[in-house]
Number of protein chains: 2
Amino acid sequence: MLPAAVQDYLSVRREEHLDRLIELLKIPSVANAGGQSCRHAAEWLAAALSATGMEVLLDGPADRPAVLGEYRAGEDCPTVLWYGHYDVQPPDPLELWESPPFEPIVRDGWIHARGSDDDKGQVFAHLIALEALLGCGGLGLNVRVLLEGEEEIGSPSLPGLIEKHRRRISADAAVISDSHFFAEGTPSLTVALRGLMYAEITLTGPSSDLHSGVHGGAVANPATALAALLAGLHDENGRVTLEGFYDEVRPLAEADRLAWESLPFDERALAASIGVDALAGGERDLPALHRRWARPSLDVNGLHSGYTGPGAKTIIPARASAKLSARLVCDQDPEAVGESLRRYVERNTPPGCRSEVEIHPGARPVTLDADTPHVRAARAAMAEAFGVEPVLVRSGASVPVTELLQRQLGLDAAMMGLGLPQDNIHAPNERMKLDQIWLGSEAAAAFYLRLADPLQ
Amino acid sequence: MLPAAVQDYLSVRREEHLDRLIELLKIPSVANAGGQSCRHAAEWLAAALSATGMEVLLDGPADRPAVLGEYRAGEDCPTVLWYGHYDVQPPDPLELWESPPFEPIVRDGWIHARGSDDDKGQVFAHLIALEALLGCGGLGLNVRVLLEGEEEIGSPSLPGLIEKHRRRISADAAVISDSHFFAEGTPSLTVALRGLMYAEITLTGPSSDLHSGVHGGAVANPATALAALLAGLHDENGRVTLEGFYDEVRPLAEADRLAWESLPFDERALAASIGVDALAGGERDLPALHRRWARPSLDVNGLHSGYTGPGAKTIIPARASAKLSARLVCDQDPEAVGESLRRYVERNTPPGCRSEVEIHPGARPVTLDADTPHVRAARAAMAEAFGVEPVLVRSGASVPVTELLQRQLGLDAAMMGLGLPQDNIHAPNERMKLDQIWLGSEAAAAFYLRLADPLQ
């Protein structure tokens, strides 16, 4: 049970909270879009944290700084680090949004906007929880805050910031809300995340587009060559062909396999909800949940070459490029996978074409210790707020900070995801159910209280 | 020798001609761009033809009508049909042009603009030749003119127009200048053209872009599937795998093989001029000229899927599409090839994806009779104007009207190409050497005169 004043702050003033959430969601803080929007979002959050009495500073790139906050309860009190991010995915393709991505709107209990789930909505739940706790008599817990603005572009500045502010960020435990329930009504704590290798391949042929009639059949076509390169990355069983790709992948433990069988996973309903007739990607003959959580994958994220306007244009394109990314598990190393890709592309670039591979910042896969006081506190807090005992799950996605906190600070985070699988994150029409934010803020408050007083 | 007045008109007034050519090139008559630019170009040409005393009418689509012109010398005189087109290729990618595509500029004796070669420059040469002839005492030859505005989009209205105006268009011979010299200094008459099958393949997966972490490995990726489809269209020897593709392809005649060996074809220089290290596309172990002229080919002309902006976006794209086209020879039928492609795509669309194939208007391959009075007249006229005996060549490109005139009217055209291979047609920085236009107009005038009086 939350103290009455805390409960009141969170549940009675929802209209006021919603107005502020809308204000935050209106800021188009796309990390790689340039401009001052990310800084604007950072300043908005810094002001809100300052108002709770926290000491706040901005550091990192001036146009997308991290927000660091600190509430000091006392040296004898335990310390928690809360991480979130305020940057969001690019909103395109814009034409598929039912309402503009940065004009938040509530429909049937859901708020629709880019970032409504990932991660501003979840950040907002923690923010108002801390406002409630610190505004209603304080908390016997040192709270440290790290809200970054580069999560969606691979957190390039984060390792340096963590190192630089090591003492300001160190804690006994960390909490991150940047994931989601296994299903609506099934609160979940995430205990493993896949890693990420992101690359861009460019094949260059002739110095400019050529007439495909005059030259067709006598000049290597970069688009055709790119297609062959990409096609060769999977074998007929859906396995990735990159040299050494599976070397560090271990089989799934029997205990996990059994636990996952009891999860309410309806493959057909999921397929229908995303508009496909079957969950057909990845390795053949493995259950979909294993492919998402326990197996690596490789996806083309974007393709571009030649003429893409309406009608016909008969050219041999001068270049063709693809963005692609691999999700990694166990001890797979994004750098090693990137190097393997580089070698593959080099070896398979046909005569008449030149190739280039650019590797973007990646993330290592991470497995978290679930048997810790803060994970127990998070489970209890989620059960209290949502009325259902949470399950332990994995995520196919990457939250690079999780691995950085583990590697740089020795901190295994409690991953209290507040989103729902149907929130369309990274896609048009991103949304979040408002109840998930309101009950999520109660869960966050309960979590901080339990850490402050483990006997509660 | 041209009559002095004709020669004077063509050579003394070049400055004035150039101003008018620039006026014509400024009109951005891209066939599939919408707007009134094509009509504007048609009206410009109609006015110029009317001024010579021709009877002129516009017919066909209102926004890109064909221009039909007729000069009546008398029922006893022979009749020639001159065909050209005023529509041009789309100019993108715009950023690769050294000067804007519709702001013609002369540099070092070349005029730079979209359409400067293909086909406005070549059309202009005939126009001023007819102005000279008809303005200097007339001509013992009925001249019929057909200038269309849909050549670059596959001439969808042309068969109907030819049928409708059958009597107005019929002739003893036809001439087309929409091709090029084999090399600078080597005038050429084209006696065979490849055909064209143009298609667009779209693969659709999930109903919107998905998070590639959450879903990666469990959802079929349309971009990956498209790459596999495209890669499968060629085997390891560069041969097209479509069922029945080579059924109607005949081996090259020994006489042609020998004649081509004596052509001044410098494979290395060509490779260097287009910026590649080798002419490496198409079927392995065949000479480049055979692959361009005597063999069919298949090229990807455009690719689009998912996120193509700067930086990273981790999605499984909802759809992926490719434009692709095949060049056809001998008796290959574009419709049959299109159907074979349709079946291939259907058979190879993986579970979890849906596919769609759209076939654009195509063109049949064509072989022209070179042993006719008008081809002999064209050879003599070219030799006279350029001072070198022309060679007989083929072209890898398609000029659909050639096949239509043959099939619908029984007319084998004389293809007096006036462009040069280095004119960058269908590419950024299209240009034409002004001398090719000026001497080309003399060749055109000589051609019409020879037809009027075969004994000349």
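Is Lys164(A) buried or exposed? Lys164(A) is exposed, at a relative accessible area of 58%; exposed stands for over 50%, buried for under 20% and partly exposed for the range in between, with a 1.4 Å probe and protein chains only. The model is predicted, so local features need pLDDT of at least 70 and side-chain atom pairs count only at pLDDT 80 or more, while totals for chains, interfaces and linings use all residues. Residues are numbered from 1 along each chain as its sequence is written, chains are lettered from A and ligands numbered from 1 in the order in which they are written, and side-chain values use heavy atoms, leaving out hydrogens and water.

Lys164(A) forms a salt bridge with Asp59(A), with 2.6 Å between the closest N and O atoms. A salt bridge here is a side-chain nitrogen of Lys or Arg within 4 Å of a carboxyl oxygen of Asp or Glu. The two residues are 105 residues apart and link distant parts of the chain: Lys164(A) belongs to helix H5 (residues 158-164) of chain A and Asp59(A) to strand S1 (residues 55-59) of chain A. Helices (H or I, at least four residues) and strands (E, at least two) are DSSP runs, numbered from the N terminus. Asp59(A) is buried, with a relative accessible area of 17%.

In chain B, a salt bridge of 2.6 Å, N to O, connects the side chains of Glu131(B) and Arg20(B). This pair also links distant parts of its chain, 111 residues apart, with Glu131(B) in helix H4 (residues 120-135) and Arg20(B) in helix H2 (residues 14-26). Glu131(B) is buried at 11% relative accessible area, and Arg20(B) is buried at 19%.

Arg166(B) and Glu163(B) form another salt bridge, their closest N and O atoms being 3.3 Å apart. Arg166(B) is partly exposed at 35%, as is Glu163(B) at 42%. Elsewhere, salt bridges with shared partners join Glu55(A), Glu70(A), Arg72(A), Arg144(A) and Arg168(A) into one network. Over all chains, the whole structure has 54 salt bridges.

Asp117(A) is buried but has no salt bridge, and the nearest side chain of opposite charge, Arg431(A), is 8.8 Å away. For charge, Lys and Arg count as positive and Asp and Glu as negative, with His and the chain ends not counted. Asp117(A) sits in the loop between strand S5 (110-112) and helix H4 (120-135) of chain A. Leaving aside neighbours within four places in sequence, Asp117(A) is in contact (heavy atoms within 4.5 Å) with residues including Gln122(A), Asp423(A), Glu430(A) and Arg431(A).
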